[in-house]
Structure formats: structure tokens, C-alpha cells
Protein chains: 2
Amino acid sequence: MKTGLFSRFIPRQLDENLNRSLDRQVKLAVTGLSRSGKTVFITSLVHQLLHASEANVSQLPFFRIAHNGRLRGVKAMQQPDLHIPAFRYDQAIAQLCSQTPAWPTPTSGISEIRLAIRYRSDNLFFKHVAPISTLYLDIVDYPGEWLLDLPLLSWSYEQWSQHTLEACQYEPRQSLSQEWQAFIRTLALDKAPTGDSIRQASALYTAFLHRCKSPEYGLNGLQPGRFTMPGDLEGAPLLEFCPLPPLSGRYTDNSVYGVMRKRYDSYKEHVVKKFYNEHFSSFDRQVVLIDILRALNIGNAAFEDTRSAINMILNSFHYGKSGLLSWLWGFKIDRLLFAATKADHATPEQLPNMEKFLQNMLAKSQQHATFEGVETQTMALASVKCTQAAEANYQGRKIPCIKGVPMSGQQAVALFPGEVPIEMPMAEDWSKDRFQFMEFKPPRLANVHGGLPHIRLDRALEFLLGDKF
Amino acid sequence: MKTGLFSRFIPRQLDENLNRSLDRQVKLAVTGLSRSGKTVFITSLVHQLLHASEANVSQLPFFRIAHNGRLRGVKAMQQPDLHIPAFRYDQAIAQLCSQTPAWPTPTSGISEIRLAIRYRSDNLFFKHVAPISTLYLDIVDYPGEWLLDLPLLSWSYEQWSQHTLEACQYEPRQSLSQEWQAFIRTLALDKAPTGDSIRQASALYTAFLHRCKSPEYGLNGLQPGRFTMPGDLEGAPLLEFCPLPPLSGRYTDNSVYGVMRKRYDSYKEHVVKKFYNEHFSSFDRQVVLIDILRALNIGNAAFEDTRSAINMILNSFHYGKSGLLSWLWGFKIDRLLFAATKADHATPEQLPNMEKFLQNMLAKSQQHATFEGVETQTMALASVKCTQAAEANYQGRKIPCIKGVPMSGQQAVALFPGEVPIEMPMAEDWSKDRFQFMEFKPPRLANVHGGLPHIRLDRALEFLLGDKF
């Protein structure tokens, strides 16, 4: 129903055109360091939005547009980019809400889904001209490995080699890289490659990356990202190089060093710049998901690696916005959320610790955040809450615990998962098995239309989209 | 050693530069209708070239440059296009020449290998200026499906739909497409799609293509090619459409028909044109391999389908060269070879029949071949000969047969594989099991450096490269 002075005088056709031109669009990119729960996050986010106007009691109290009743309906639409694989929300939600609920199958490359969000504007002008507006939300899901490749654009082959070889001076990289390092020491870097030596060196380096990435070590800062997920580029020479120690003398383009350097440059050109130009430069908002608890479980090295990966990402964004990195010229992202997922795997009173801890991980760079034009926030959340708060008696005292079905079990158990530290643990604090956070099965949901149980997803939505309505 | 008037007066540096600028390059594209032996063809071709100057007795009598001793040496080089997967000759030859020889694993996408061919020029001028020249041969291997997509560029969605639906009026397409056709009849084509109907329609159409392609039916003329080999595009909307019957009334872009048509256009733009611009337009020579015997084995429908696929390819080339198809503007291919592979699966005296038969398959269009500037040839060959000619006694008469180890067996058997017809068989000639050509294991090779046994591979080389020396 149209009300107010304006609408009564605007002819219908003009009104419709105006409506259309007032519609807006926002591209929300979601990525994560490996196994951080990207697919579950997007599935839950889409589900919350689709059902936000149905629920009797708002599931999203901190997402203002939903809470104050201005949200009129959300619909999945045809995605705008036909050459990008579709994010299969339908399949993911079916797995999550089946009789025996399962976590959705993770995505492996890029994918996209579009939602049309209809809402009642409360802007004094729009309210009368176009009382119901539409925000098109395109959610783009892409592997964290691609994001961690962006810094390569500002590094020469020499710089990247140095950076990587330095990282290999510390465990577990040192042990894991031994075979590869021993092999490259046998090569005459300034001479033409003999036989299959370049391919062998790169195969050993790739095997090293795979071992670093395995659940046992859980490292994230692995470059180049496509080496462990090649897709259609499998077997292409630009995925066959590796870092090399610096050469003091001269070398030709046909030497081992020359060939490797050329391939590194091709990788930047054909893979990293392509991602930047075709996708990254069109993103408006970015979420980076991190499984802090898993990093804590694995130990000091995985944790330090996660910290360095996050800061590498953060620095890229800020340098980009301030113009220090010319390759990020023209990028639009103005809000960046680092979210620690699986907040339900710790007891509720640990939530502030988790957030504080995440903030501490990136404290230094974040101080410049607002100044440089990318508003950054940290948050702990659970996309789908799969535990309940409970209490246990321990030596006569009540202690808080959580109750859920462990991944390996069939029955719900109540347990005290351990404390999340606030400060960065010192190297000597990493006693064996200090942290043992568990993984849980998804909950059985009585009524999916009521929205999925979550922790702070509404706050994430408010930060990411709130200003767009 | 330099001889002659010219070289004595040319300073060394100038001489080297001249040498380099005289080096030439040729891009040879190899493709095949499914299971035609592309990988074996390239492996054998590379192997023959690499060892052509070593063999005591020439294995390549009809490849003049090798036979008259002007070939000085061939070497595998770094491929020029770093973003294209490498053709793994090393792996293929290892499989072929192992203790228990196996056919090499087929390639699934595009791949590339570069050979440097050093030869003594017999050109009166070059002979003195640059007595040893180099020809860089880039062999590019790509799926036949991609080639069969090229005609789409000249077809509108309506034309393509009509073409495909007409083909579905004949068996086995009629039966195989029933489920898909029944489904699209339930759709209101001029209305907006409901639920998942577009995705379902395309899934049924894709399943139909997969069944057509299965060894049981062996059809080739299946469009769009990427539906059955999506690679990184798996799940992208531009791989989700299908042909639809014509609509008489008006329809909007949001209707089922409008959405399908838009995706077809995106497919042409993002897939077919991309292949054309990035690869096809740079090819100098093209080989299309065809397993005629397999098509004969399967029966009338597979055979007719192969014929129509070959002619579709041939027409594209000729229209392109004569400028009738604007999208082929600028294409360079000036020699096109259709080769019937596995010629060793028939007895030697059937070879002329096989070639005649192949010629008959494309008789009509080929008449215009030379006129339109693409020299076309047909040939029967065996990349790696895996049978021997033998004789058997049948009712007191000697009949020719072949001896080899069948794919399913361990021992060599001698058998009469049947006759290859010269004329196109009429529909009524296709009695059940009229043709039963067999598949054989690769031969055990005593000395691989002597070159692999083959049939007419030297003639293929002469046609494809002979004029370049």
C-alpha cells in the first residue's frame, strides 16, 4: 500500500522504474582457512534470511532489519554470473536437516548464490517514493587458498623464495620439507635443467604442501594455493615450480632458476591476477572464517601459522585500501569480518574469551583499520549450534559444560571442553594436549522453518549488511 | 661445418641471429572422436620423431626428411604455453613399453608438448646461409567434443534446438531421450521456471548425452561438449540448459525459454568462443582421428552418427576458410587430416578398403576442399601396430588373418576379423553382428629405440609436416 505525499503523484510506470533504479546490490565474499566451516556458514546464513520473516519469534534479534519487522521476504534468485558454479544451498540444507543430520559436503572451488531481499525502507525520502525496496545479495564462496595467494602479486620470485625458505627453518615445516630441500640442493641452479629435475622439484614441493595441509599439521599459510587444488590446471607448467635459494651469479632464462622464476611470474599472471580481476575486485564485503579451536588443538605451530595467515590477509586489505599495493587498486571491500567459527564448541561463558583471543591475534594491524577505510571486525559465532549449555558436578562444585553428540559417537555427552585463553599462549605453555576441543554432529532439528539455532550469526549479518537497508 | 659462398662472409653473431629468425614453428592440433586413440597417436608420433635419426633402417620411409637423412635430431623442449597442461609423453611411453605393456591412460582435457626438430635445409638459399635449421613442433591434444562445439557459434538457440530435436526422432536417440523429452513437455515454456525445473531438465538432458556416449551406443555428435566433461565449470548455470521445441508466442527473458536461451548464448560466449580464441585460432594443422571399426561394430546408428560428425567438422573448416562463417575469420589451418585409426585391426589387404570407405563418408564436401584452401586428406593408419599378418586354412583354402593378443586374453590368437566394406552399407545391410572387429593389447617391444611398429604414420607425418622442411 502506498502512502504519503509523493507516491500519490507519481505515475505508475515512472514509479516502477524508480523502484528498479533504487534497488541495490551487494556482493558478499565468504572464504575460510581450511575446514573452517564455510559451507555451513553460507547454508545457515541463507536459511536464516529465507525464513527471517516467517518465524514468530525473531531468531535474529541483532539483525535490525529483521528484528524490527521491516524485512518483507527473501527469495533465492538466478545467480548473475552464469559461468560460476552455483552454491547448492538446496543440497546442503537437505543434508543438514535430514533424518540423520550430516554436515554438508564442503565446496572445493568458487560458487555463488543470489538472494533478493525485499524490505520496507525507513529512509525519509525512499519511504514515500519506494516503500518496498529490494537488495540483491550475491554470496560468493571461494577457497581461502586463493585469498592467501594475493600477497604474491607484490612479491618478486626472489622475495617469495626467501619468505618461504625462512618459514622452512621452523618446525614442522623444517622436517616436512627435508626431502624437497635436499633435492633442490643437488640442482645446479644456474645451469639448464637436466631431465625431469624441474618437475621432480615441484612434485616434492607440492607433496610438502599437502603434508602441511593435512589434518595432522593443519597449516594454512601455503603458497601457491593452486598447487594443492589445481582443477583444470592440473599438469600445467605454471603449477610446476618451487622456491629456490638466492643465486649470487648471473643466470639465463633457460637455467633452472630462470625457468622457475618465469613460471612463478606466469602463475601470478594467469592465476592470481585472473582471480583478482574476475572476482575479487567486484566484492563489496568479505568474511574470513577461522577455526581457532582446531588450531589450538593441533598446537603451537598450527596456531602461529593461523596467526600469520590472518595477518597476511589483513595487511593485504589495508595496503590495498591505502594504495600501498598497486595491484589492489580499485578494490571495493569496505567491511572485513574475521569470524572464529564453532563458538558452540566451548562453553557459553568462554565466548568473550574467544573474541578477545581473536582480536589479540591481529591486534597490531587492526589499529589502523578504520583509518585506512576498511572497517574490520572480529567475532566468535556458531553457524549452526550443535551443543547445549549444561552443568556438571565436580568435587561438590557446579562447573559449566556443553552437551552434544561427538562426531565419533551416537549419544549426547556432557563435557567440559576446556578453557579458551585470552592472551596468546607462550611457547612453553603448549604442554601436550593442553587443548582438546571436540567436533560435534549437527543437531536434529524439529522445525527447520523456525530457523537454525546459531550463535551471533545475527550480529555478523548486521555488521556485513545492516548499513545497506 | 659451414660451406658455400655466403657463410664465409657472414660474421658469427649475425649468422646466429639469422639462424634464429629462420627457425620456424608449426602448431599441430590432434583431436579425435571418442576413444579413437588420440593419446597413442601422439605418443607414437613423438616417439618416431625422437628416434628417427637413431634407427639403422628408417622406420619412416614416406616421411622424406627422415628417409633422406636430412633429419639431424629431435628433442623434447619446454612447452611455450605455461598454462596448458603438459602432454605426458614420458608416462605414456613408459606404460606402452613396460614389461606388461598397456595402452596409455587417455587424456581428458587439453595438453601440449613441444619438439625441436633440427634438420639440414635443402633450400638453395638456406642451405648456405643456415645449413642446420630448427622447426619447433607444438602438438596440442584436445577433446573431440570441443571441436564439435564449433558449429554452435553459427547457430542460434532456436536452430540448435531444432537440429537436436530432429536428431532425437531417430533411434537410439529417440529411446534414450524419452525421459528428458517427457519432462520438457510438462514445462510451461513461456512462464517463469518453477522450483528446480531448469536444473532438472538439464540434468535429464545431460544424462541422455552420457548414455549416447557410452560404449554401448558410441555416438559422437553430442552437443554441448562440456556437458559430459565439465571440468572446473561443473555446476555452473551455463552448463544447465537444454534444447526446447519452438515457441510460437512471445516470451520474456525470465521464462523457461528465455532463461535457457540466455544460457546457451553464455555457453557460446564463455566456452566455445574462448576455446576458439585461446587455442583453435592458433592451430596450423589439424588431425581428426576416427575409430571406424568401432563405429561399424556398434551398428548403423553409431556409424551414421560418426559420418554426420565428420561432415559437420569438415563443413566448419571449409565455411571458415571461405569466409562463410564469420567466427572462423582468421583461422590458419591449411591442412586437415582425417585418419581412421587401428588399421592393424583388419587384415593388411583391407587397408585400401578402409581408406576408400573413409573417403566415401565425406565424399560430397571434400570435393570443394582444395578450392577453399584447406587441403584435406583421408588415411587409414595404426599408431602402434599390435597385430601381425598371418594366414589360416579354411576348408582347404588359405585365408588372410591377423594375429595378436585380444584385450581380454593372455595368448596371441589368429583370427579373421571380417571385411571392411568400401561402399556405405545400406540400412538393411546391418544384420546383427555383421562387424566384429576386436581390440588388442599393445605388442611387447624388444627394442623401443628402434621406433614403434606402425602403419602409415610416416605418410601422416609427411602430409602434416613434409612441406615445412
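This is a conversation about how to read some features of a predicted model.

Biologist: Let's start with the overall picture. How many helices and strands are in chain A?

Modeller: Keep in mind that the model is predicted. Chain A has 17 helices and 10 strands. Of its 469 residues, 54% are buried. Then look at the contacts between residues at least 6 apart in sequence: in chain A, 76% of them join residues at least 24 apart.

Biologist: Now a single helix. Which residues of helix H8 in chain A are buried?

Modeller: The general idea comes first. An α-helix has 3.6 residues a turn, so residues three or four places apart point the same way. Now the case here: H8 of chain A runs over residues 157–167, and its buried residues are A:Tyr157, A:Trp160, A:Ser161, A:Thr164 and A:Leu165. Looking down the axis of H8(A), you find these buried residues within an arc of 125°, so they line one face of the helix.

Biologist: And what covers the buried residues of H8(A)?

Modeller: The cover includes three helices of chain A: H10 (178–185), H11 (197–213) and H12 (256–278).

Biologist: Can we try the reading again in chain B? Which residues of helix H5 are buried there?

Modeller: In H5 of chain B, residues 89–96, the buried ones are B:Tyr89, B:Ala92, B:Ile93 and B:Leu96. Their arc around the axis is only 95°, which puts them on the same side of H5(B). As for partners, the buried residues of H5(B) pack against helix H3 (38–51) and strand S3 (111–120) of chain B.

Biologist: What about a residue in a loop? Is B:Ser383 buried or exposed?

Modeller: B:Ser383 sits in the loop between strand S7 (375–380) and strand S8 (388–394) of chain B. Its relative accessibility is 7%, and the cut-off for buried is under 20%, so B:Ser383 counts as buried. Setting aside neighbours within four places in sequence, B:Ser383 is in contact with B:Val40, B:Phe41, B:Ser44, B:Pro453, B:His454 and B:Leu457.

Biologist: On to the two chains together. How much area do chain A and chain B bury between them?

Modeller: The size of an interface is often given as the accessible area lost when the parts come together. For chain A and chain B, that comes to about 2,000 Å², with 54% of it on carbon and sulfur atoms. In terms of residues, 25 of chain A are in contact with 25 of chain B.

Biologist: What about polar contacts and salt bridges across the interface?

Modeller: Two salt bridges turn up between chain A and chain B. There are also nine residue pairs in polar contact, both residues at pLDDT 80 or more. On the side of chain A that touches chain B, H12(A) gives the largest share, five residues. By type, that side of chain A divides into eight nonpolar, seven polar and 10 charged residues.

Biologist: How should I read a salt bridge in general, and how many are there over all chains?

Modeller: Side chains of opposite charge can pair when their charged atoms come close. The whole structure has 46 salt bridges over all chains. One within chain A pairs A:Asp467 with A:Arg335, the closest N and O atoms being 3.7 Å apart. This pair links distant parts of the chain, 132 residues apart: A:Asp467 is in the segment after helix H17 (457–465), and A:Arg335 is in strand S6 (residues 335–340). A:Asp467 is partly exposed at 39% relative accessibility, while A:Arg335 is buried at 15%.

Biologist: Which partner does B:Lys342 have?

Modeller: B:Lys342 meets B:Glu439 in a salt bridge, at 3.7 Å from N to O. B:Lys342 is in the loop between S6 and helix H15 (351–361) of chain B, and B:Glu439 is in the loop between strand S10 (413–415) and helix H17 (457–465), so the pair ties together parts that are 97 residues apart in sequence. B:Lys342 is buried, with a relative accessible area of 16%, whereas B:Glu439 is partly exposed at 35%. Elsewhere, salt bridges that share partners join A:Arg88, A:Asp90, B:Asp196, B:Arg199, B:Glu240 and B:Arg263 into one network.

Biologist: How far apart are the closest N and O atoms of B:Arg199 and A:Asp90?

Modeller: In the salt bridge of B:Arg199 with A:Asp90, those atoms are 3.5 Å apart.

How values were computed
Residues are numbered from 1 along each chain as its sequence is written. Chains are lettered from A and ligands numbered from 1 in the order in which they are written. This is a predicted model: local features need pLDDT of at least 70, side-chain atom pairs count only at pLDDT 80 or more; totals for chains, interfaces and linings use all residues. Side-chain values use heavy atoms; hydrogens and water are left out. Buried means under 20% relative accessible area, exposed over 50%, partly exposed in between (1.4 Å probe, protein chains only). Helices (H or I, at least four residues) and strands (E, at least two) are DSSP runs, numbered from the N terminus. The arc is that of the directions from the helix axis to the C-beta atoms. Contact means heavy atoms within 4.5 Å. Buried area is the accessible area (1.4 Å probe) that two parts lose on being put together, summed over both. A salt bridge is a side-chain nitrogen of Lys or Arg within 4 Å of a carboxyl oxygen of Asp or Glu. A polar contact is a pair of N or O atoms within 3.5 Å; within protein, one must be able to donate a hydrogen and the other to accept it, and residues adjacent in sequence count only if both atoms are side-chain atoms. Ala, Val, Leu, Ile, Met, Phe, Trp, Tyr, Cys and Pro count as nonpolar, Asp, Glu, Lys and Arg as charged, and the others, Gly among them, as polar.
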